[in-house]
Amino acid sequence: MRKLMILTSVATLLGLTFPQVNAINKHEPTTTQQEVQYQEIKTADLPQAITDKIAEEYNSYTVEKAFKGSDGNFKVNIEKTGSKLTLYFDKGGKQTKIERPEDQM
């Protein structure tokens, strides 16, 4: 009888504790970071600011491919005699990142 009372008390305490924990967790904001998906575009469709930047800073490189991301940003693959770079630009044409093939390993 005593064991039954202890088990009942424990079960009641657990039953009161778990709904409060779940209620707290339900109200916490959750953030999900989606991976940017890139779709190939024609190099002629790149914003003028991006083509100007590439012509100015990377004039000895050739544009291989251009991509527009699901977030509206751009990615451009360029090459010069065996040296490849991937350039990232925001929507306004400002360069945000450079990747070299060894960075991607």
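Reply: Let us begin with contact, which means heavy atoms within 4.5 Å. This is a predicted model, in which local features need pLDDT of at least 70 and side-chain atom pairs count only at pLDDT 80 or more, while totals for chains, interfaces and linings use all residues. Residues are numbered from 1 along each chain as its sequence is written, and side-chain values use heavy atoms, with hydrogens and water left out.

Me: Which residues does Tyr58 touch, not counting residues up to four places away in sequence?

Reply: With those neighbours set aside, Tyr58 touches Lys53, Ile78, Leu85, Leu87, Gln95 and Ile98.

Me: How should I read the elements, and in what order do they run along the protein chain?

Reply: Helices (H or I, at least four residues) and strands (E, at least two) are DSSP runs, numbered from the N terminus. The protein chain has two helices and five strands, and from the N terminus on its elements run α-β-α-β-β-β-β. Tyr58 has its place in the loop between H2 and E2, whereas Gln95 is found in strand E5, residues 95-99.

Me: How do the five strands form a sheet, and in which order?

Reply: Two strands pair if DSSP finds at least two bridges between them. Here the five strands form an open sheet in the order E1-E2-E3-E4-E5, with antiparallel pairing. The edge strands are E1 and E5, each of which pairs on one side only. As for angles, axes are lines fitted to C-alpha atoms, for helices over the stretch in contact, and angles run from 0 to 180 degrees between N-to-C directions. Neighbouring strands of this sheet are turned by 25° against each other on average, direction ignored. H2 packs on the sheet, where it touches E2, E3, E4 and E5, and its direction makes about 145° with that of E4.

Me: What can be said of the individual pairings, and where are the hairpins?

Reply: Strand E1 (residues 38-41) is joined to strand E2 (residues 62-69) by four bridges, in an antiparallel arrangement, and Ile41 stands opposite Ala66 in E2. E2 and E3 pair in the antiparallel sense over six bridges, with Phe67 opposite Lys75 and Lys68 opposite Phe74. These two strands form a hairpin with four residues between them, and Gly72 in the turn has a positive phi of about 90°. E4 and E5 pair in the antiparallel sense over four bridges, and Thr86 stands opposite Glu99 in E5. The hairpin of E4 and E5 has five residues between the strands, and Gly93 in the turn has a positive phi of about 95°.

Me: Is Thr81 buried or exposed?

Reply: Buried means under 20% relative accessible area, exposed over 50%, and partly exposed in between (1.4 Å probe, protein chains only). Thr81 is exposed, because its relative accessible area is 82%. Thr81 lies in the loop between E3 and E4, and its phi is near 40°, a positive value in a residue other than glycine.

Me: Which residues make up the largest nonpolar core?

Reply: In soluble globular proteins, nonpolar side chains tend to be buried together. A nonpolar core is a set of buried Ala, Val, Leu, Ile, Met, Phe, Trp, Tyr and Cys residues joined through side-chain atoms within 4.5 Å. The largest one here has 12 residues in all, namely Leu46, Ile50, Ile54, Tyr58, Tyr61, Ala66, Phe74, Val76, Ile78, Leu85, Leu87 and Phe89. Helix H2 (48-57), strand E3 (74-80) and strand E4 (83-89) each supply at least two residues of this core. Tyr58 counts as buried because its relative accessible area is 11%.

Me: With what does the side chain of Tyr58 make a polar contact?

Reply: A polar contact is a pair of N or O atoms within 3.5 Å; within protein, one must be able to donate a hydrogen and the other to accept it, and residues adjacent in sequence count only if both atoms are side-chain atoms. The side chain of Tyr58 makes such a contact with the side chain of Gln95, at 3.1 Å.
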